[in-house]
Every structure is written in C-alpha cells, then in structure tokens.
Amino acid sequence: MKLSTRGRYGIHAMYDLALNVEGGPQSIKAIAEREGIPEAYLEQLIAVLKREGLVNSTRGAQGGYVLARKPEEITVGDVLRALEGGLGLVDCLDEEDACGKSCACPSRIVWMKLRDGLNAIVDGITLRDMTEDYKRLTAQEDETT
C-alpha cells in the first residue's frame with residue numbers, strides 16, 4: 001500500500017495543528033510554510049478534514065484552523081480514512097464480487113490479516129503520540145550533537 005500525497009500531507013497538517021494546539025487558530029499560510037505543503041493543496045485537504053469533523057475553523061483577523069478534538073482523541077487512522085477514503089489493500093475485502101473465488105481464496109486470509117494489522121497500527125497512534133515521539137526524537141538528536 002502506498003499513501004498518496006493527500007494522506008501524507010494531511011498527516012503533516014494535522015501534526016502541525018496538534019503541535020500548535022496551545023497557539024490558537026493556525027492559518028493555512030503558516031501551516032503550509034512550516035510543513036512544506038502548497039497552500040492551494042492544503043486548502044483542499046483542510047476542507048475535507050473540516051467536513052469530516054477533524055478540524056474547526058475560526059473567521060477573522062486572528063482566525064484559522066484548530067483541531068476539532070484533543071490531539072489524544074484523533075488517530076492517524078481517522079486522518080487517513082478521511083483523506084484516502086479507506087485503507088483497503090485489495091478490492092476483494094470490500095467487494096464480495098471483485099473476484100470469483102473471494103470466498104475460497106487462500107490469499108484473502110493474508111489480505112485480511114494485513115488489513116486488520118494496518119488498521120490496528122494507525123488506530124493506535126494519536127496526534128499526541130506523534131508530537132511526543134517527535135519531541136523525544138529531537139531531544140535525543142540534541143544530546144548527540
């Protein structure tokens with residue numbers, strides 16, 4: 001499975017919002033600059049994330065975007081499903097008629113285990129986990145330099 005730029009950039013944007021949660025609403029421009037995401041593309045992603053209930057917007061001079069829930073309540077899986085439309089590996093897991101032998105296919109069991117494992121991983125990582133892991137990583141790098 002290969003994530004599209006939608007998923008990758010979306011994770012970066014949501015990470016940025018989680019990292020700056022105490023700083024109030026963040027503008028598209030600020031997020032785009034910090035994360036290296038084209039502004040126009042980020043606007044499209046934020047619109048989807050807003051529609052899916054993962055971010056809220058505030059209008060005005062001090063307006064921008066904030067997480068709709070606490071960072072520890074939003075998982076990587078939530079973000080990826082919102083932007084990628086699901087984490088299906090093969091069509092036969094979602095559509096019974098995708099293959100003539102989907103009920104008796106030996107590889108289908110492998111695909112199911114992979115899907116379930118992937119879902120467990122992305123659903124087990126919150127935005128808070130991401131920010132804490134990154135802080136730990138940069139602290140370790142600072143110690144070695």
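A: What follows starts with the cavity and then turns to the chain around it.

The model is predicted. The count comes to one cavity of 30 Å³ or more. About 40 Å³ of space lies in the largest cavity.

Its lining is made up of L17, N20, V21, G24, Q26, Y65, V66 and L67. Strand β2, residues 64-67, gives the largest share of that lining, with three residues. A general point on method: rolling a probe the size of a water molecule over the atoms shows where empty space is left.

Now the fold. The chain holds six helices and two strands. Their order along the sequence is α-α-α-β-β-α-α-α. Strand β2, the main contributor to the lining, covers residues 64-67.

Next, the contacts. Take those in the chain with a separation of 6 or more: 63% of them join residues 24 or more positions apart.

Then burial and surface. The chain has 145 residues, and 32% of them are buried. Its accessible surface comes to about 8900 Å². Carbon and sulfur atoms account for 50% of that area.

Overall dimensions come from the C-alpha trace. Along its principal axes it spans about 60 × 40 × 25 Å.

Last, the charges. The chain carries 18 positive and 24 negative charges.

How values were computed: Residues are numbered from 1 along each chain as its sequence is written. This is a predicted model: local features need pLDDT of at least 70, side-chain atom pairs count only at pLDDT 80 or more; totals for chains, interfaces and linings use all residues. Side-chain values use heavy atoms; hydrogens and water are left out. Helices (H or I, at least four residues) and strands (E, at least two) are DSSP runs, numbered from the N terminus. Buried means under 20% relative accessible area, exposed over 50%, partly exposed in between (1.4 Å probe, protein chains only). Contact means heavy atoms within 4.5 Å. Accessible areas come from the Shrake-Rupley method with a 1.4 Å probe; for residues, only the protein chains shown count as cover. Lys and Arg count as positive and Asp and Glu as negative; His and the chain ends are not counted. The place of a charge is taken as NZ of Lys, CZ of Arg, CG of Asp or CD of Glu. On a 1 Å grid over the protein atoms alone, a cavity is a set of points where a 1.4 Å probe fits but cannot get out, and a pocket is an open set with protein on both sides within 12 Å along at least five of seven lines; lining residues have an atom within 4 Å of a point. Grid points are joined across faces, edges and corners, and a volume is the space filled by probe spheres set on the points.
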